[in-house]
Amino acid sequence: MPLRFTLRQLEYFVAVGEAGSIAKAAEQVNVSPPSISASIAQLEAEFGVQLFVRKHSHALALTAGGRLFLKEAARLLNDADALHDIAGDIAEKVRGPLAIGCLLTFAQIVLPALRKKFEDAYPDVRVRQFERNQGQLFEMLQRGEIDAALTYDLELSQDMTFEPLMQLPAYVMLPAAHRLAAKAGITPEELVDEPMVLLDLPYSREYFLSAFQPRGLRPKIVERTGDIAVMRSMVANGFGYGIANMRPLNTMSPDGKLLVFVPLLGDLRPLTIGIALPNAEHRTLTVQAFIDHCRRFVVEQGVFGTERIVK
């Protein structure tokens with residue numbers, strides 16, 4: 001007899017399996033928790049297996065059989081997505097699912113507006129977004145969980161392709177009243193005795209510290225954070241300076257204090273923001289449309305001010 005289940009039910013099951021709770025999965029897929037619960041119950045009834053056991057605080061844990069089922073369900077969904085890609089290419093139409101990752105440090109500035117304009121231009125594309133650090137984005141690309149990642153050209157591997165968009169030099173982030181805030185540029189030597197708030201993320205921290213190490217300098221790190229918004233507020237409140245490669249059009253901190261961005265002088269190379277993709281012989285129309293859209297977006301929006309566009 002034919003199995004009576006839908007790909008949508010599998011999608012809900014995979015979302016719960018990865019999130020560990022129905023509530024979190026419901027937020028991710030934008031569906032009510034009762035609908036997800038009903039879909040999982042129907043899958044368990046159809047296949048005659050228990051997929052989850054309930055834990056404390058409404059959390060769910062996969063059973064041993066559920067873990068195997070999750071692996072195959074994810075594979076089946078990926079195969080179904082590939083069919084959408086093929087159908088779109090045959091019909092020469094941009095359509096189907098598109099999973100996009102974005103680096104945490106600039107997702108809040110770039111991703112919402114970029115995604116909205118893309119979805120307006122291509123209403124038949126279903127976009128899912130993921131904000132992660134650099135290491136997590138690379139892992140998701142390698143596992144095929146995302147189609148592309150907006151990120152920097154830091155530690156790219158040979159199994160990735162990188163489409164450059166814009167070069168971003170490094171800036172010293174300071175509170176407006178800081179004694180160095182009026183300078184046209186600041187050297188690492190001028191910063192070495194100043195307290196530093198380090199953006200402590202994989203690959204990023206090594207990049208920022210490389211402004212000092214080749215000169216035999218050791219910055220005075222007093223605070224670390226993995227959240228760019230927290231760093232901006234800490235700098236604005238006088239905990240120390242920060243270094244970042246983005247100078248947003250709005251120079252206010254999240255708590256409403258004025259920040260100043262001064263170019264960092266020295267040998268630290270600019271970072272290039274771009275799109276990282278897995279190496280592949282075939283690039284779908286949808287992915288290529290997203291790349292082309294990103295190129296137009298950085299030119300039209302002027303997201304980071306006057307930084308150099310990479311042709």
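Trainee: At the start of helix 2, which residue's backbone nitrogen does a side-chain oxygen of Ser21 reach towards?

Mentor: First, this is a predicted model: local features need pLDDT of at least 70, side-chain atom pairs count only at pLDDT 80 or more, and totals for chains, interfaces and linings use all residues. Residues are numbered from 1 along each chain as its sequence is written, and side-chain values use heavy atoms, leaving out hydrogens and water. Helix 2 spans residues 22-29 (helices are DSSP runs of H or I, at least four residues, strands are runs of E, at least two, and both are numbered from the N terminus). At its start, the Ser21 oxygen comes to within 3.1 Å of the backbone nitrogen of Lys24.

Trainee: And just after helix 2, what phi does Asn30 take?

Mentor: Look just past the end of helix 2, where you'll find Asn30. Its phi is positive, at about 60°.

Trainee: How wide is the arc that holds the buried residues of helix 2?

Mentor: The buried ones are Ile22, Ala25 and Ala26 (buried means under 20% relative accessible area, exposed over 50%, partly exposed in between, with a 1.4 Å probe and protein chains only). Glu27 and Gln28 are exposed on the other side. Take the directions from the helix axis to the C-beta atoms. Seen down that axis, the buried residues line one face of helix 2, because they fall within an arc of 105°.

Trainee: What covers those buried residues of helix 2?

Mentor: Both helices and strands are part of the cover. It includes helix 1, helix 3, strand 1 (52-54) and strand 2 (60-62).

Trainee: At what angle do the axes of helix 1 and helix 3 cross?

Mentor: Helix 1 (residues 7-19) uses Gln9, Leu10, Tyr12, Phe13 and Val16 to meet helix 3 (residues 33-47). On the helix 3 side, the partners are Ser35, Ile36, Ser39, Ile40, Gln42 and Leu43. The axes come within 9 Å and cross at roughly 105°.

Trainee: Which residues does Ser39 touch, beyond those up to four places away in sequence?

Mentor: Ser39 sits in helix 3 and is buried, with a relative accessible area of 8%. Its C-alpha is 8.8 Å from that of Phe5, which is 34 residues apart along the chain. Leaving out residues up to four places away, Ser39 touches Gln9 and Tyr12.

Trainee: Is Ala99 buried or exposed?

Mentor: Ala99 lies in strand 3 (residues 96-103). Setting aside residues up to four places away, it touches Arg128, Phe130, Glu145, Ile146, Asp147 and Ala148. At 5% relative accessibility, Ala99 counts as buried.

Technical notes. Axes fitted to C-alpha atoms, helices over the stretch in contact; angles between N-to-C directions. Contact = heavy atoms within 4.5 Å. Polar contact = N/O pair within 3.5 Å; in protein donor to acceptor, adjacent residues only side chain to side chain.
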